[in-house]
Amino acid sequence: MLVFYTAGESHGRGVFAFLDGLPAGLRVDRGVIDADLARRQLGYGRGGRMAIEKDRVDVLSGIRGGLTLASPILLAVWNRDFENWKQFLDPWRIEAGRELHTPRPGHADLAGAVRYRHKDLRDVLERSSARETAGRVAAGGLLKSFLSALGIEVCSWVTRIGPIAYDGPFDLQASDASSVFCPDGKATGEMERAIDHAAADGDSLGGEFVVTASGLPPGIGSYTQWDKRLDALLTLHLMSIPAIKAVQIGAGIACGEKPGSLIHDPILPTRPKTRSSNNAGGLEGGMTNGEPVVIRCTMKPIPTLTRGLPTVDLRDGSPVQAGYERSDVCAVPAASVVGEAMAVIALSGAILDGFTQPSMDALADAFAEHRTYWESL
């Protein structure tokens, strides 16, 4: 079983990722982790924090000579900005001056203060901040080495920012060249202009991105219990990303608008078996079906607005405007990288549950045998 957690605060010493359950002998590509961490910091409409941080992974345990040891792995992404905030985030002594008492609509501020009885909202926002996702991307970057060793690739691209949508084909090179990770030059320009307009109005924009996984044979996941269904696990992982408000698999909501004859994917007499469509998004009965897994995620606009929104001061209940702390105008491109990471983590966990082996060589052999059986049908 794969165990995954993160720790750390937005302006604390760093963000950390804990992984346990990987077999011994997996060769980890540090360059992939650092590249994904760098991608998470990119995207048109990002804020000033990205100019401060230069995220790189630091391995604190579980890897020696580039190989996993089967012991717990602890990854660190250190925060450069901690030096500017340490007097307010020291574990033992806090200097007065940066307390927050006005919850921002759309954030965890108010609900978190009620849940944990915090008087200073900074005790909520430091952990609920999207900076935490650096730990997720570090873990996902490491696990990309695991999936790659099994012939599985996960990628993502942006399909909407605000009112501007793109519904064309995916091209990795074009997506990487785009300032918003959209594989279309015309749509990229229109998305940039939409972000500029929102920034000028003191506003923010959300959007959508797609995550796909290719190279998966059928049977990853299970129908035998609700918490083993891969579609449920993928949805859980992706919905946990801050600001994600909807996750669709395959045709998604369109499945409720058309008859079954136009939705279900016919099985063709090929070897291995293929489909003439992929409305199921590569998942049937809680398991992969051999087609690419396709997931669409919708992100709400960043809730920290330069012009602020109406709120109250929790000390006396008086109406005020929400305060502004350095933030993004649009973070959909960054969220797509986090979405990749969370899909990688969910898929890796399902594979490790289905192919439990102490070493990577043994696991790869078992996975290859399963793929050979599928290809023989």
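Predicted model: local features only at pLDDT ≥ 70, side-chain atom pairs only at ≥ 80, totals over all residues.
I looked up Tyr5 and found it opposite Phe18 in strand 2. Residues are numbered from 1 along each chain as its sequence is written, and side-chain values use heavy atoms, with hydrogens and water left out.

**Sheet with strand 1**

I traced strand 1 against strand 2 (residues 14-20): the two run antiparallel and are joined by 6 bridges. Strands here are DSSP runs of E, at least two residues; helices are runs of H or I, at least four; both are numbered from the N terminus. Two strands pair if DSSP finds at least two bridges between them. I then read the sheet as open, with 4 strands in the order 1-2-6-3 and antiparallel pairing. Strand 1 (3-8) and strand 3 (58-61) are its edges, each pairing on one side only. The twist averages 20 degrees from one strand to the next.

**Sheet with strand 7**

I found another open sheet, of 5 strands, ordered 8-7-9-15-10 with antiparallel pairing. Strand 8 (164-165) and strand 10 (244-249) are at the edges with a single partner strand each, so one side of each has no neighbour in the sheet. Strand 7 (residues 153-161) and strand 9 (residues 207-214) run antiparallel, joined by 8 bridges. I checked Arg160: its bridge partner in strand 9 is Glu208. Helix 8 (residues 185-200) packs on this sheet and touches strand 7 and strand 8. Its direction makes about 60 degrees with that of strand 7. Contact means heavy atoms within 4.5 Å. Axes are lines fitted to C-alpha atoms, for helices over the stretch in contact, and angles run from 0 to 180 degrees between N-to-C directions.

**Helix 6 on helix 11**

I looked at helix 6 (residues 133-149) and helix 11 (residues 332-354): they pack at about 50 degrees, axes 8 Å apart. That makes helix 6 oblique to helix 11; angles under 35 degrees count as roughly parallel, over 145 as roughly antiparallel, 65 to 115 as roughly perpendicular and the rest as oblique. The contact includes Leu143 and Phe146 of helix 6, and Met342 and Ile345 of helix 11.

**Whole chain**

I counted 12 helices and 17 strands in the chain. The C-alpha trace spans about 70 × 50 × 40 Å along its principal axes.
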